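Subject: The model, and what I found in it

Hi,

Here is the structure I promised to pass on. Please have it open beside this message while you read.

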Amino acid sequence: MRCPYCGSLDTQVKDSRPTDDSASIRRRRVCPDCGGRFTTFERVQLRELTVVKKSGRRAPFDRDKLVRSVQIALRKRPVDPERVDRMLNGLVRQLENQGESEIPSETIGELVMQGLKTLDEVAYVRFASVYRNFREARDFGPLLDEFSEDGAAARRKEEDA
C-alpha cells in the first residue's frame with residue numbers, strides 16, 4: 001500500500017480488526033520512511049462493476065463516489081452513520097448480485113433514491129433534485145406529492161383498522 005504522505009511503497013500494518021458490521025476490515029498502517037500513519041479498509045468485492053453513463057461512456061464503479069453523493073444529500077441530517085453504511089453496503093451487494101458487470105447509471109441512481117427514501121425524506125428530495133436535474137421549483141411538486149400520497153394512504157389504513 002502506497003503511503004499517502006511520501007509515496008513510499010513499503011508500509012506496514014500495525015493493527016487489523018473488523019468493522020462494527022463485519023463487512024470490511026480496518027487496517028492501521030505506518031510508513032517506516034516518513035513515520036506517517038493512516039487507515040485503510042478492505043472489503044469483499046464479488047465482481048468488477050462498470051457504470052454505463054447516459055452518454056454511453058463507461059467508467060469503473062467507484063464506491064467512494066457513491067458514498068460522497070449520499071453524504072452530500074444527508075449533510076446536516078440526523079441520520080445514524082451506521083444506517084447509512086448498511087444502506088450503502090446493501091446497495092453495492094445488490095449491484096454485484098445482479099449478475100451483470102455493466103450497470104446503467106440510472107439503475108444506481110434509482111437504488112440510491114429508494115435507500116434514501118427509507119432513511120430520510122429531506123435527503124431523498126435533495127438527491128432526487130440533482131439526479132433528476134430539477135430546473136425550477138415546480139419540478140419538486142410530483143416528488144413531494146409522493147410523500148403526501150404515502151401519508152394519506154397510511155392514514156387511511158390506520159382509520160380502517
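First, some housekeeping. This is a predicted model, so local features need pLDDT of at least 70 and side-chain atom pairs count only at pLDDT 80 or more, while totals for chains, interfaces and linings use all residues. Residues are numbered from 1 along each chain as its sequence is written, and side-chain values use heavy atoms, with hydrogens and water left out.

**The whole chain**

The protein chain has 5 helices and 6 strands. Helices (H or I, at least four residues) and strands (E, at least two) are DSSP runs, numbered from the N terminus. Starting at that end, the order of the elements is β-β-β-β-β-α-α-β-α-α-α. Of the 161 residues, 32% count as buried. Here buried means under 20% relative accessible area, exposed means over 50%, and partly exposed is in between (1.4 Å probe, protein chains only).

The chain exposes about 10800 Å², and carbon and sulfur atoms supply 48% of that area. Accessible areas come from the Shrake-Rupley method with a 1.4 Å probe; for residues, only the protein chains shown count as cover. As for contacts (heavy atoms within 4.5 Å), take those in the protein chain with a separation of 6 or more: residues 24 or more positions apart account for 43% of them.

**Helix H2**

Helix H2 covers residues 81–97, which is 17 residues. The expected span of a helix is 1.5 Å times one less than its number of residues. For H2 that gives 24 Å, and its end C-alpha atoms are 24 Å apart, so the two values agree.

Which residues of H2 are buried? They are Val-84, Met-87, Leu-88, Asn-89, Leu-91, Val-92, Leu-95 and Glu-96. Their cover includes strand E3 (37–43), helix H1 (63–73), strand E6 (102–104) and helix H3 (105–119). Asn-89 has a relative accessible area of 8%. Its C-alpha atom is 7.8 Å from that of Ala-23, although 66 residues separate Asn-89 and Ala-23 in sequence. Just after H2, Gly-99 takes a positive phi of about 85°.

Lys-76 sits in the loop between H1 and H2. Most residues other than glycine have a negative phi. Lys-76, however, has a positive phi, near 65°. Lys-76 is also exposed, with a relative accessible area of 79%.

**H1 against H4**

H1 packs on helix H4 (residues 121–131) at an angle of about 120°, and their axes are 8 Å apart. Axes are lines fitted to C-alpha atoms, for helices over the stretch in contact, and angles run from 0 to 180 degrees between N-to-C directions. Angles under 35 degrees count as roughly parallel, over 145 as roughly antiparallel, 65 to 115 as roughly perpendicular and the rest as oblique. H1 and H4 are therefore oblique to each other.

Ser-69, Ile-72 and Ala-73 of H1 meet Ala-123, Arg-126 and Phe-127 of H4 in this contact. They divide into 4 nonpolar, 1 polar and 1 charged. In that count, Ala, Val, Leu, Ile, Met, Phe, Trp, Tyr, Cys and Pro are nonpolar, Asp, Glu, Lys and Arg are charged, and the others, Gly among them, are polar.

Ala-123 in H4 is worth a look in your viewer. Is Ala-123 buried or exposed? It is buried, with a relative accessible area of 0%. Not counting residues up to four places away in sequence, Ala-123 touches Ala-73, Leu-74 and Leu-116.

Gly-109 lies in H3 and is buried, at 5% relative accessible area. Leaving aside neighbours within four places in sequence, Gly-109 is in contact with Phe-127 and Tyr-131. Gly-109 and Phe-127 are 18 residues apart in sequence and 8.9 Å apart in space, C-alpha to C-alpha.

Glu-110 is also in H3, but is partly exposed, at 34%. With residues up to four places away in sequence not counted, Glu-110 touches Tyr-131 and Arg-132.

Happy to go through any of this with you.

Best wishes
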